[in-house]
Amino acid sequence: MVLALSVATVVLGSLAAVLLRQQRYYAAHAQLAATRDAARIAAEVLGAELRALSTAAGDLYAMSGDSVALRSTTGLGVTCSVAGDHISLRRVTGSFGHSESDSVLIFRDGDPGTARDDRWVALDTRRLLRADAGRCPDGRTPELGLAVGGSLVGVTVGAPVRGFRPYVYKLYLGGDGRWWLGQRLRSGRVQPLAGPFAAPDSGGLRLEYLSGAGVPTRNPREVVQVHISIKAQSSVPIPGTRGADFLHESLSISVHLRNSRAEDMSGGEEASAVE
Amino acid sequence: MARMTQPSVTIDRGGFALTMAILAVVIIAALASGGLYVAMQQLRVGVAGSRASAAFYAAEAGLRVALANWDVAAVDSLPHGATVLMASGQLVSGERYAVRVTRLDSGQHAGQAYYLALSAGRAHGAWGGRRQVALLLRASPSDDLCCDAALTTRGELQVADGGVIRGIDLVPGSWAADSAICAAVAPGGRPGVVTDDAHLVRLEPSAVVDGSPPVAQRPSPEAGVRSDVDRLFRERAELADIVHAGDARLREIRPRVGPPGDCARSAIANWGAPRLPGHPCFDYFPIIYAAGDLTIESPGSGQGILLVDGDLTLTGGFEFYGVLIVKGRLTLTDHGSQVYGAAWVHNEDRESNLVGGGAGISYSRCAIRRAVQGSKLQVPHPLAQFAWLEILE
């Protein structure tokens with residue numbers, strides 16, 4: 001009897017140890033996956049936002065080593081008719097006027113013979129209009145109508161219209177004491193996007209802005225490339241041989257700003273590396 | 001003594017080792033399945049990300065292919081809002097792309113057209129992603145680049161006996177034998193001469209000026225011509241393939257062929273081979289810019305866009321096919337020099353333009369279109385400041 005109990009204890013103990021190790025292993029694996037996901041999401045979001053920036057048009061409002069304020073493109077449409085302060089749009093993709101912070105940039109061609117005086121003019125979107133107001137030159141119904149604040153002089157039918165929203169991307173300290181990548185309208189609340197990350201001073205998010213010469217610059221209008229380094233952190237400490245500690249996953253990408261030199265379609269390379 | 005025998009009794013002890021072992025296996029299997037599921041999800045996320053990136057770069061490659069092979073004839077004829085498939089293909093790595101170009105402008109301004117090039121990239125494989133990028137472009141339609149007449153000018157114009165200015169659309173003789181050269185160009189006549197004062201057009205008795213009408217007078221040509229000439233110079237001089245920095249006198253202009261048998265485009269005296277349809281330089285249309293007065297004393301020929309900041313003199317039987325834009329005055333001496341296409345002569349100092357005996361200017365829509373399409377003028381340019389964006393689906 002004693003022997004049987006001893007054997008059973010040993011077996012059950014071993015079994016429990018195996019199960020516990022298995023559980024820890026898979027939990028750690030799940031944490032690793034989640035941490036990598038957070039790093040990927042952050043890189044994807046920041047990369048997509050930065051890639052479409054036009055520094056010449058002032059899309060980069062402010063920049064620092066761990067945050068960036070930018071003009072985020074939300075939609076594109078084509079002017080179908082212009083009347084007073086109303087424009088109607090066709091070929092609409094994305095969104096326009098969904099928040100109070102939304103504005104539009106309308107392409108205004110000065111002298112049609114030269115591109116030197118071409119400009120994108122920023123106008124407030126005051127309200128959305130009935131989509132079927134007016135007709136396009138080809139007789140079709142416009143998809144969207146906008147009332148804008150500002151002059152539409154010089155805006156012609158066919159002019160592209162770009163919807164935008166000002167966003168700040170930054171690491172924010174959440175209520176749980178962890179750092180999260182947040183997206184915030186310049187005068188709004190923070191919307192957490194991904195995380196948690198290491199603290200900013202520990203390399204949670206590092207942004208390096210490079211000029212056309214490949215050297216760091218502080219002038220937003222000179223930026224051609226942005227190097228992003230992200231260090232994501234597991235949401236819970238992972239037990240290890242030297243005690244429990246947070247797991248870290250680092251990801252670096254370089255983003256070439258496609259509109260920084262739009263005229264030469266220079267494109268650019270993006271290299272990524274996961275540590 | 002009787003021996004008592006007891007029946008043997010088998011006791012079922014009810015062990016639990018097997019049960020525990022099975023339970024442990026089940027639990028471990030469940031954990032392993034969970035781990036496998038997580039790993040599979042990670043694999044899928046990784047592959048999907050990789051494929052999405054491949055699709056994105058395929059879309060960008062498609063844009064470059066479309067720009068490199070811009071079909072001017074196809075986009076020029078597009079009405080407002082119409083779309084044409086500009087490029088499609090497959091990369092070596094297997095990703096596919098398709099680029100569709102839509103004309104955005106309504107045709108209100110003859111000098112420019114706007115296009116949206118939308119490129120869709122698709123990765124290969126079961127989890128192949130799809131991404132779309134777009135580029136906003138502007139280009140000048142070739143028909144409207146210039147010119148309203150065989151010769152547009154101001155001030156005095158003298159056409160000597162035997163001199164010819166024709167507004168009736170002409171296919172140059174050396175091209176007439178090959179119907180393919182001007183196949184896509186519908187004929188369209190213009191005035192012979194457009195000027196600010198028809199009374200200053202002096203025709204000697206045997207001079208020929210025709211067109212519809214032969215001579216047209218613009219009500220206020222001054223501002224229009226000047227701004228147009230300045231505009232054309234500003235834009236096009238920046239794109240010049242051949243530049244003469246000051247006054248120049250050229251005596252030998254002829255096509256050159258490089259060692260591999262290709263047209264030697266770097267040769268400054270090579271202005272194409274308009275009279276030789278089979279020549280490697282027949283489809284070479286340089287933009288030539290002379291910053292001062294230009295005199296050509298050559299029996300040769302050239303084609304393309306010729307911009308002259310000062311006076312232009314053609315002599316020796318030189319033939320030019322394409323568009324002449326001259327800020328000073330134009331002199332075609334009595335040695336049979338010819339212009340096929342159109343000439344825009346601003347004559348800033350209001351001196352006398354001359355078309356000598358045997359010389360001529362013949363409006364040729366085909367020559368104009370070939371020159372404009374063949375030169376860099378027809379390469380579309382991304383819109384200023386903001387042209388590229390990703391279209392999210």
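In the predicted model described here, the buried residues of helix α5 of chain B are R365(B), C366(B), A367(B), I368(B), R369(B), R370(B), A371(B) and V372(B), where buried means under 20% relative accessible area, exposed means over 50%, and partly exposed lies in between (1.4 Å probe, protein chains only). Because 8 of the 10 residues of this helix, which spans residues 365–374, are buried, α5(B) is largely enclosed by the rest of the structure. Helices (H or I, at least four residues) and strands (E, at least two) are DSSP runs, numbered from the N terminus. Residues are numbered from 1 along each chain as its sequence is written, while chains are lettered from A and ligands numbered from 1 in the order in which they are written. As this is a predicted model, local features need pLDDT of at least 70 and side-chain atom pairs count only at pLDDT 80 or more, whereas totals for chains, interfaces and linings use all residues; side-chain values use heavy atoms, with hydrogens and water left out.

Chain B as a whole has 5 helices and 24 strands, and 51% of its 393 residues count as buried. Of the contacts in chain B (heavy atoms within 4.5 Å) with a separation of 6 or more, 56% are accounted for by residues 24 or more positions apart. The accessible surface of chain B comes to about 17300 Å², of which 55% belongs to carbon and sulfur atoms; such areas come from the Shrake-Rupley method with a 1.4 Å probe, and for residues only the protein chains shown count as cover.

Leaving aside its neighbours within four places in sequence, H335(B) is in contact with T315(B), G316(B), G317(B) and G357(B), and its C-alpha is 7.6 Å from that of G356(B), a residue 21 positions away in sequence.

Over all chains the structure holds 20 salt bridges, each defined as a side-chain nitrogen of Lys or Arg within 4 Å of a carboxyl oxygen of Asp or Glu. In one of them, the side chains of R36(A) and E249(A) meet at 3.3 Å, N to O. Because R36(A) lies in helix α1 of chain A and E249(A) in strand β12 (residues 248–256) of chain A, this pair ties together parts that are 213 residues apart in sequence. R36(A) is partly exposed at 33% relative accessible area, whereas E249(A) is buried at 8%. In chain A, furthermore, D59(A), R71(A) and R162(A) are linked in a network of salt bridges.

At the interface, 53 residues of chain A are in contact with 50 residues of chain B. The area buried between the two chains is about 4400 Å², of which carbon and sulfur atoms give 63%; buried area is the accessible area (1.4 Å probe) that two parts lose on being put together, summed over both. The count between chain A and chain B is 3 salt bridges. Among them, D118(A) pairs with R138(B), the closest N and O atoms being 2.5 Å apart. This pair crosses from the loop between β4 (103–108) and β5 of chain A to strand β4 (residues 130–139) of chain B, and both D118(A) and R138(B) are buried. R138(B) also meets D109(A) in a salt bridge of 3.7 Å, N to O.

On the side of chain A that touches chain B, α1 (2–51), β2 (67–83), β3 (86–94), β5 (119–129) and β7 (160–173) each supply at least two residues, and α1(A) gives the most, with 16 residues.
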